[in-house]
Amino acid sequence: MSHKSLFPHNNIQFRLERAKYEFQNARSQKKEHSQIEKLRVHYAKCCLSWVFFHGGGEEYLSEVMTLLRKPNIDNSIETTSLLALGHIGRGNPSAAENQLLKIKPQAQENALFHFALAFTYQELHQDKKEMLLTMQRACELEPGAWEPHFYLAKGYLKKGERQGEVAFIHRAMYHLINAMELDPNAKSNPELIKDMGEACLYTGRYKEADFFFHKIMRISYFQPEIDQLLGRVSFYLKKYK
């Protein structure tokens, strides 16, 4: 299956800077409105990709809010869903839900809408079941996108850890593998690699867990968590040697 990501990922730091330059340049040169708006949305997507998948910080969320809160921005499904994700990232799921309710009737077949809506169930209503169902719907609506699989796997991984149910861990692994197979960029995503390592650890695949954790052990923002996980893996490898 060919992949169709919801967000840009490849060379994301370069693309982020490039998107910013192209958008600002188009505005300064007073290009056609449609071209400016297309570049605006692309720049916002790059910012959200950086935050939700590549470790970007608060300043990029602020940029998203500035880009998409302008009074001349349309209320399309795409821009409203992106703005909602900006609110989610800034810890304001209530504002996100208010945005999404505006477009809910016409957005039932839109993957990006369901992707954003899933976070409101998780962050605002603490409804884990509805979060999983809604993220699953995003997977179904855009089967070539790896991002819903990534967050669906996170949901199942947490549920499996919390309830001690290996079946949920296996579901998480299924979606993590789907994400990796759908897009080569996913294979190098540190957060996804960490989740795969944890899923392997909880299902007794200690050598595989060791492999995944070693791939990201030098990434500073994962320490000391990775050191702790590697310690557990080392214990089990020695125990069952």
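# Helices side by side: a guided look

Guide: Let's start with helix H7 (residues 128-141), whose 14 residues reach 20 Å from the first C-alpha to the last, close to the 20 Å expected at 1.5 Å a residue. This is a predicted model, where local features need pLDDT of at least 70, side-chain atom pairs count only at pLDDT 80 or more, and totals for chains, interfaces and linings use all residues. Residues are numbered from 1 along each chain as its sequence is written, and side-chain values use heavy atoms, leaving out hydrogens and water.

Visitor: What makes 20 Å the expected reach of H7?

Guide: The expected span of a helix is 1.5 Å times one less than its number of residues. H7 has 14 residues, and its reach is close to that expectation. Helices here are DSSP runs (H or I, at least four residues), and strands (E) need at least two; both are numbered from the N terminus.

Visitor: Which residues of H7 are called buried?

Guide: They are Met131, Leu132, Thr134, Met135, Ala138, Cys139 and Leu141. Buried means under 20% relative accessible area, exposed means over 50%, and partly exposed lies in between (1.4 Å probe, protein chains only). What covers these residues includes helix H6 (111-123) and helix H8 (147-163).

Visitor: Why are H6 and H7 called roughly antiparallel?

Guide: Their axes cross at roughly 170° and come within 8 Å. Angles over 145 degrees count as roughly antiparallel, under 35 as roughly parallel, 65 to 115 as roughly perpendicular and the rest as oblique. H6 and H7 are therefore roughly antiparallel. By class, their contact (heavy atoms within 4.5 Å) has 10 nonpolar, 3 polar and 2 charged residues.

Visitor: Is Ala186 buried or exposed, and why?

Guide: Ala186, in helix H10 (residues 184-187), has a relative accessible area of 0%, so it is buried. Ala186 touches Trp146, Ala179, Met180 and Leu192, not counting residues up to four places away in sequence.

Methods
Axes fitted to C-alpha atoms, helices over the stretch in contact; angles between N-to-C directions. Nonpolar A, V, L, I, M, F, W, Y, C, P; charged D, E, K, R; others polar.
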